[in-house]
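Visitor: Hi! Could you walk me through this protein?

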Amino acid sequence: MAEIKAHEFDQFVKRRAKEYRIFLIYGPDRGLVSERAGELAKMTGVDTSDAFSFMRLEASDINADPGRLYDEANSTGLFGGEKLIWIKGAGADKNLSDALSGISQNPPDNAWIIIEAGDLKKGANLRKAAEGASAAIAIPCYADDVKALNSLIDEELAASGLRITANARSLLLDSLGGDRIASRNEIRKLALYAQGDGTIEEQHILDIVGDASAISADDAVDAILKGDLPDFLHAVQKVVASKTAVFLVLQVCLRQFQMLDLMRAEMDERRVSAQDALNIHGRHLHFRRKPVIESALRNWNAAAVSTEMNRLQAAILQSRQRSSLEDTIAMQTLLATTLIAARGRSRG
């Protein structure tokens with residue numbers, strides 16, 4: 001099976017990427033998908049400003065004309081040399097999957113193909129086509145965990161010659177996640193603001209990333225998990241009063257569901273209780289929040305948690321793409337999650 005683990009990508013690009021001609025990059029973190037596709041494009045050495053050697057297509061272009069991928073990959077550029085075909089917006093597309101399977105049987109020697117896709121489930125046609133071909137490889141992109149976010153912070157701040165205190169790092173982590181490009185842009189914005197100060201302190205984070213108290217965001221998320229609409233609206237009012245975008249609550253909510261996902265896996269795989277899963281993975285939680293999380297573990301099964309994570313991640317991406325509607329998208333998404341939790345609680 002031609003697939004790498006999410007954490008193996010950096011070493012893969014350096015050592016093995018040139019062994020393949022076709023790359024399928026997929027996953028719920030659209031920013032990370034785009035970023036990794038860009039790194040692979042650089043690896044090919046093809047000049048993306050050269051219209052004769054580089055072509056950008058949408059998946060819909062191939063779905064409308066499946067033979068086009070074969071024709072483009074096997075055509076010769078005006079001045080010869082290698083070509084790069086970069087396809088965006090792929091999903092559960094049968095025609096694209098068939099085209100990929102066909103071209104994988106006889107891959108071109110002078111063309112690279114990069115395909116960006118959304119979250120593809122195991123067994124999806126496009127994943128099967130890439131994983132089953134010797135010339136292709138599938139590369140998953142999942143939301144950054146704390147380790148990945150810390151590495152991202154270190155990478156960006158080192159490039160700017162900045163250090164960061166432990167408390168400031170903890171506060172910054174609360175504002176990151178869900179989308180790699182959005183996280184990287186937040187860190188770069190912070191680095192630009194703190195340029196010349198040497199060390200980033202907590203006040204830098206509050207000044208430029210967001211000054212809502214973590215307590216207010218946690219209160220909002222706890223209300224969401226309980227399905228308590230009045231408490232949610234009250235907590236959001238406090239966040240808004242602090243002149244902080246509701247988007248912060250959306251990010252904190254996603255991280256909470258990622259933690260629930262980890263705990264639910266512990267419960268389902270090892271047959272432990274909600275309290276035991278909480279003791280294993282929630283030791284850092286404030287004591288007043290633990291009963292809320294324990295109750296949520298009983299009300300949300302693994303499938304529901306996964307569905308909600310995907311919806312929150314999609315909302316984060318959409319809010320970044322349409323910044324003028326950021327607060328509206330965040331509020332609508334969080335309200336929907338609150339109502340879903342309320343229905344789950346009433347069934348329980």
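**A chat about the chain**

Guide: Let's start with E156: leaving aside neighbours within four places in sequence, E156 is in contact with R184, I187 and R188. Keep in mind that this is a predicted model.

Visitor: Where is E156 found?

Guide: E156 is found in helix α7.

Visitor: And is E156 buried or exposed?

Guide: Buried, because its relative accessible area is 8%, and buried means under 20%.

Visitor: Which helix is K147 found in?

Guide: K147 is in helix α7 too, and that helix covers residues 146-159.

Visitor: Okay, so is K147 buried or exposed?

Guide: K147 is exposed, because it has a relative accessible area of 66%, and the cut-off for exposed is over 50%. So helix α7 holds both K147 and E156, with K147 exposed and E156 buried.

Visitor: How far apart are the C-alpha atoms of K147 and F52?

Guide: They are separated by 41 Å, and along the chain the two residues are 95 residues apart.

Visitor: Let's change topic. How many helices and strands are there in the chain?

Guide: The protein chain has 17 helices and 7 strands.

Visitor: What can you tell me about α13?

Guide: Helix α13 runs over residues 247-270, which is 24 residues. From its first C-alpha to its last it reaches 35 Å, close to the 34 Å expected at 1.5 Å a residue.

Visitor: What follows α13?

Guide: R271 does, and its phi is positive, near 60°. That is a positive value in a residue other than glycine. R271 is found in the loop between α13 and α14, where α14 spans 274-281.

Visitor: Is R271 buried or exposed?

Guide: R271 counts as exposed, because its relative accessibility is 72%.

Visitor: Now another arginine. Where does R36 lie?

Guide: R36 lies in helix α2, residues 30-44. R36 is buried, because its relative accessible area is 8%.

Visitor: What does R36 touch?

Guide: Not counting residues up to four places away in sequence, R36 touches A6, F9, I25, I139, P140 and C141.

Visitor: And how far is R36 from I200?

Guide: C-alpha to C-alpha, R36 and I200 are 28 Å apart in space, and they are 164 residues apart in sequence.

Visitor: One more residue: where is L317?

Guide: L317 has its place in helix α16, which covers residues 302-321. L317 is buried, because its relative accessible area is 16%. Setting aside residues up to four places away in sequence, L317 touches R30 and D179. The C-alpha atoms of L317 and D218 are separated by 21 Å, with the residues 99 apart along the chain.

Visitor: Zooming out, why does the radius of gyration agree with a compact globule?

Guide: Because a compact globule of 348 residues would have a radius of gyration near 20 Å, and the protein chain has 22 Å. The C-alpha atoms fill a box of roughly 65 × 55 × 35 Å, taken along the principal axes.

Visitor: What share of the residues is buried?

Guide: Buried residues make up 49% of the 348 residues in the protein chain.

Visitor: What about the surface?

Guide: The accessible surface of the protein chain comes to about 16800 Å², and 50% of that belongs to carbon and sulfur atoms.

Visitor: Last one! How many positive and negative side chains are there?

Guide: The protein chain has 43 positive and 48 negative side chains, and the centres of the two sets lie 4 Å apart.

Note on methods:
Residues numbered from 1 in each chain as written. Predicted model: local features only at pLDDT ≥ 70, side-chain atom pairs only at ≥ 80, totals over all residues. Heavy atoms only, no water. Helix = DSSP H or I, 4+ residues; strand = E, 2+ residues; numbered from the N terminus. Rg over C-alpha atoms; globule rule 2.2 N^0.38 Å. Buried < 20%, exposed > 50% of the residue type's maximum accessible area, 1.4 Å probe, protein only. Areas by Shrake-Rupley, 256 points an atom, 1.4 Å probe, with all protein chains shown as cover. Lys, Arg positive; Asp, Glu negative; His and termini not counted. Charge placed at Lys NZ, Arg CZ, Asp CG, Glu CD. Expected span 1.5 Å × (residues − 1). Contact = heavy atoms within 4.5 Å.
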